[in-house]
Amino acid sequence: MKKATINISYDEEKLNAMKLYLEQKGTCLDNEVIKMLDTLFNKNVPSGVRDFISMKSEGYAPTSKKEIKNNG
């Protein structure tokens, strides 16, 4: 799956403290942000769209209406 980059601004002192304490817990900011984004995705994107994206990332996406009817 192709990855995108997200850039946000955040208070530097808070960010450094968060990184420090996440590291002590054996994780990192990237992993925690990805978990939060996945939660937002699952909460806000309809299940049919999530299923389609999942199928697409697994290498299968129906390419014609006929193929969609046969599978759905």
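A: A helix here is a DSSP run of H or I with at least four residues, numbered from the N terminus, and the model to which we apply this is predicted.

Q: Which helix supplies the largest share of the lining of the largest pocket?
A: Rolling a probe the size of a water molecule over the atoms shows where empty space is left. In this structure the largest pocket has a volume of about 890 Å³, and of the 22 residues lining it, Ile6, Asp30, Val33, Ile34 and Leu37 are the closest to its centre. The largest share of the lining, 9 residues, comes from α2, while α1 (12-24) and α2 (29-44) each supply at least two. By class, the lining holds 15 nonpolar, 2 polar and 5 charged residues.

Q: What span does α1 reach, and what span is expected?
A: With 13 residues, α1 reaches 19 Å from its first C-alpha to its last, which is close to the 18 Å expected at 1.5 Å a residue. At its start, a side-chain oxygen of aspartate 11 comes within 3.1 Å of the backbone nitrogen of glutamate 13, and α1 is followed by glycine 26, whose phi is positive, near 80°.

Q: Which residue forms a salt bridge with lysine 35?
A: Side chains of opposite charge can pair when their charged atoms come close. Lysine 35 pairs with glutamate 32, their closest N and O atoms being 3.3 Å apart, and the count comes to 1 salt bridge. Both residues lie in helix α2, 3 residues apart, about one turn of the helix.

Q: Is glutamate 32 buried or partly exposed?
A: Glutamate 32 is partly exposed, because its relative accessible area is 24%, whereas buried would mean under 20%.

Conventions. Residues are numbered from 1 along each chain as its sequence is written. This is a predicted model: local features need pLDDT of at least 70, side-chain atom pairs count only at pLDDT 80 or more; totals for chains, interfaces and linings use all residues. Side-chain values use heavy atoms; hydrogens and water are left out. On a 1 Å grid over the protein atoms alone, a cavity is a set of points where a 1.4 Å probe fits but cannot get out, and a pocket is an open set with protein on both sides within 12 Å along at least five of seven lines; lining residues have an atom within 4 Å of a point. Grid points are joined across faces, edges and corners, and a volume is the space filled by probe spheres set on the points. Ala, Val, Leu, Ile, Met, Phe, Trp, Tyr, Cys and Pro count as nonpolar, Asp, Glu, Lys and Arg as charged, and the others, Gly among them, as polar. The expected span of a helix is 1.5 Å times one less than its number of residues. A polar contact is a pair of N or O atoms within 3.5 Å; within protein, one must be able to donate a hydrogen and the other to accept it, and residues adjacent in sequence count only if both atoms are side-chain atoms. A salt bridge is a side-chain nitrogen of Lys or Arg within 4 Å of a carboxyl oxygen of Asp or Glu. Buried means under 20% relative accessible area, exposed over 50%, partly exposed in between (1.4 Å probe, protein chains only).
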